[in-house]
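Student: I would like to go through this chain term by term. Please set each value against its cut-off.

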Amino acid sequence: MKHQDRHARDSGGFSCVHCGRFVTHRSYGTRQRNHCPHCLWSRHVDDKVGDRRSACNQPMEPIAVASRGGGEWALVHRCQGCGHLRTNRIAGDDDELALLALALRPISHPAFPIDCLPGRGP
Ligand SMILES: [Zn+2]
Ligand SMILES: [Zn+2]
């Protein structure tokens, strides 16, 4: 861990593991921000949400957006160190384009030819 990360966290925020921008803990719609609003990456610092007790401390990549109903979206993060999967509520000021790009990723890289779906054609 870099020293500046620890310093930043003590002063109420953290430096993003991915894009390096400074992120404050305060945000709209969530009490505990755990991911970067710009690139959506997180860090594996919790065993349980908010406890900050994980020894892993590796970057967590945003791999998907999950819909929870009622229009609420959640981010799915996967730890690059241990493979741990976690879902997190999105925050009110998360970058909408970054969220959309993540949600559309499987559509823009389909695993099968979409043109061949049944029901298409004249
Ligand atoms: Zn970031
Ligand atoms: Zn981990």
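Tutor: From the N terminus on, the order of elements is α-β-β-β-β-β-β-α-α. That comes to 3 helices and 6 strands. Helices (H or I, at least four residues) and strands (E, at least two) are DSSP runs, numbered from the N terminus. The model is predicted: local features need pLDDT of at least 70, side-chain atom pairs count only at pLDDT 80 or more, and totals for chains, interfaces and linings use all residues. Residues are numbered from 1 along each chain as its sequence is written, with chains lettered from A and ligands numbered from 1 in the order in which they are written.

Student: Why is L104 called exposed?

Tutor: L104 has 11 C-beta neighbours inside 10 Å, so L104 counts as exposed. L104 lies in the loop between α2 (96–103) and α3 (105–108). Its C-alpha atom is 9.0 Å from that of V65, 39 residues apart along the chain.

Student: What makes N57 partly exposed?

Tutor: N57 has 13 other C-beta atoms within 10 Å, so N57 is partly exposed. R52 has 11 and is therefore exposed. R52 sits in the loop between β3 (42–43) and β4 (59–67), and N57 is also in the loop between β3 and β4.

Student: What is the phi of R52, and what is that of N57?

Tutor: Phi is near 55° for R52 and near 65° for N57. Both values are positive, in residues other than glycine. Most residues other than glycine have a negative phi.

Student: How do you know that β5 and β6 pair?

Tutor: Two strands pair if DSSP finds at least two bridges between them. Here 5 bridges join β5 (residues 73–79) to β6 (residues 85–89), so the strands pair, and they run antiparallel. L75 has N88 as its bridge partner in β6. The two strands form a hairpin with 5 residues between them, and G83 in the turn has a positive phi of about 80°.

Student: What makes a set of residues a nonpolar core, and which residues form the largest one?

Tutor: The set must be buried Ala, Val, Leu, Ile, Met, Phe, Trp, Tyr and Cys residues joined through C-beta atoms within 7 Å. The largest has 6 residues: C16, V17, C36, L40, L75 and I90. Buried residues make up 16% of the 122 residues in the chain.

Methods: Buried ≥ 20, exposed ≤ 12 C-beta atoms within 10 Å, placed from the backbone.
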